[in-house]
Amino acid sequence: MKRISYKGLLLMACLLAAPAVMAEGPGTDNLPDPNETVAQLSNGLNTVWMLLAAMLVFFMQPGFALVEAGFTRTKNTANILMKNFVDFMVGALLFWFIGFGFMFGDGGFLGTPHLFDYSFWTGDGLPSAGFLVFQTVFCATAATIVSGAMAERTKFSMYLVYTVLISVCIYPISGHWTWGGGWLMNGEEGSFMMETFGTPFHDFAGSTIVHSVGGWIALIGAAILGPRIGKYGKHGESKAIPGHNLTIAALGVFILWFGWFGFNPGSQLAAATPDDQVAISTVFLTTNLAACAGGFVALMLSWIKYGKPSLSLTLNGILAGLVGITAGCDAVPAWAAVCIGAICGCVMIYAVEFIDQVLKIDDPVGASSVHGVCGFLGTILTGLFATEGGLFLGGGWGMFFAQLFGAVVVGGWAALMGFVIFKGLDMIHGLRVPHRIEEEGLDIYEHGESAYNL
């Protein structure tokens with residue numbers, strides 16, 4: 001039997017389709033506009049990508065919960081889990097109520113509030129409801145970082161108040177200066193950043209805007225709260241208080257690592273064009289390489305420094321690399337991502353030691369070091385390694401100083417507000433539970449139930 005060629009098949013298809021086309025009537029009035037169809041498909045693909053990324057970032061919430069629970073003691077596990085649920089539940093409601101308007105509304109210091117209204121935001125063809133959801137999961141991430149640093153001794157009621165304030169005030173205002181189109185990221189001619197540094201502040205996915213904000217507030221909160229009972233001896237020597245389950249802590253880190261592939265690549269907010277696809281793939285690669293480098297360097301350094309390869313420090317090294325690359329994941333080459341991850345994994349170990357043994361601040365999970373120190377460090381390293389504008393790649397000092405300035409301003413804002421909030425709450429009502437409750441565990445006294453009924 002003689003085979004029919006592809007050209008023959010195409011001709012037959014055209015002949016069969018002709019009557020249906022002619023039935024529509026003369027002319028092309030009833031045919032869809034190709035440009036409009038392409039735009040609709042493009043917006044649809046971008047929307048699906050944004051919402052998929054939001055799902056991945058939301059999945060980081062159980063990751064944080066497992067890391068914090070694993071690094072702390074059995075008697076406080078229910079309290080840790082409850083705080084992680086509250087961070088998202090309360091944060092999502094309040095960010096929808098007022099925080100989104102403060103962050104993305106028109107204005108100078110902060111945006112115009114739009115109570116319960118998100119329709120004012122129109123940009124890039126994306127639905128405003130979807131963009132609100134995407135930004136909500138980032139806000140919740142900033143809030144939950146503090147939970148681990150203040151674990152095992154904080155009144156649950158006072159933690160609720162803090163969660164309200166970070167979702168309504170702290171995060172949206174500094175977020176307005178940056179992602180909300182404010183002065184730190186204003187690249188227009190004659191703007192403050194362009195006049196001063198020749199370039200705006202760059203934080204692609206939130207090393208400073210999300211992680212450093214949470215990290216510095218965590219440090220201030222832990223300092224005001226004071227160390228856990230038994231953490232320091234009579235002469236000020238630090239004593240280890242091991243977490244109850246490194247297995248679930250490790251699972252939490254794996255979940256966070258997975259969620260970061262929505263956190264960083266998802267910040268592109270588009271996937272329809274070839275340029276978007278290259279950008280997403282590049283960010284995916286730099287994010288993963290930095291995590292691997294951070295974890296491996298932390299493993300090797302802990303082995304050299306303490307004689308054993310520490311699992312807990314390796315886990316935090318992975319997170320340090322992820323936090324550090326988040327600012328410049330779109331702007332640095334692959335080899336630079338490895339450098340940034342390695343530097344953050346190394347510095348994290350010394351930061352944990354300095355905060356614990358020199359500052360005498362008890363941070364059970366190392367949140368201040370991982371998110372505060374490495375978020376700050378990753379932001380300024382972007383000014384060194386960025387392909388366009390980085391000091392090491394021929395860009396001069398402008399971007400480096402812009403990054404340093406932005407990281408200091410946002411970090412200073414977070415630390416100041418954290419001090420005001422936690423000091424005020426401590427003076428008014430007291431942040432810390434009584435000693436008896438701390439010794440016996442917060443689960444029963446604060447929540448009336450235990451995570452483990454042994």
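Which residues does Y171 touch, not counting residues up to four places away in sequence? Select Y171 and look around: F95, M103, Q135, F138, C139, A142, I166, W179, I209 and V210 are in contact (heavy atoms within 4.5 Å).

A note on the model. It is predicted: local features need pLDDT of at least 70, side-chain atom pairs count only at pLDDT 80 or more, and totals for chains, interfaces and linings use all residues. Residues are numbered from 1 along each chain as its sequence is written, and side-chain values use heavy atoms, leaving out hydrogens and water.

Next, the core. Y171 and I217 have the most contacts inside the largest nonpolar core, which has 99 residues. Such a core is a set of buried Ala, Val, Leu, Ile, Met, Phe, Trp, Tyr and Cys residues joined through side-chain atoms within 4.5 Å; buried means under 20% relative accessible area (1.4 Å probe, protein chains only). Select helix 5, residues 128–149: eleven of its residues belong to this core, the most from any element. Helices are DSSP runs of H or I, at least four residues, numbered from the N terminus.

Stay with helix 5. It also gives the most to the lining of the second largest pocket, with four residues. Select the lining: F104, W121, D124, F131, F134, Q135, F138, W179, F204, S267, Q268 and L269. Q135, F138 and W179 also touch Y171.

Now move to the largest pocket. Show K231, A240, S312, L313 and V352, the closest to its centre among 30 lining residues. Helix 12 (334–358) supplies the largest share, six residues.

Conventions
Buried means under 20% relative accessible area, exposed over 50%, partly exposed in between (1.4 Å probe, protein chains only). Helices (H or I, at least four residues) and strands (E, at least two) are DSSP runs, numbered from the N terminus. On a 1 Å grid over the protein atoms alone, a cavity is a set of points where a 1.4 Å probe fits but cannot get out, and a pocket is an open set with protein on both sides within 12 Å along at least five of seven lines; lining residues have an atom within 4 Å of a point.
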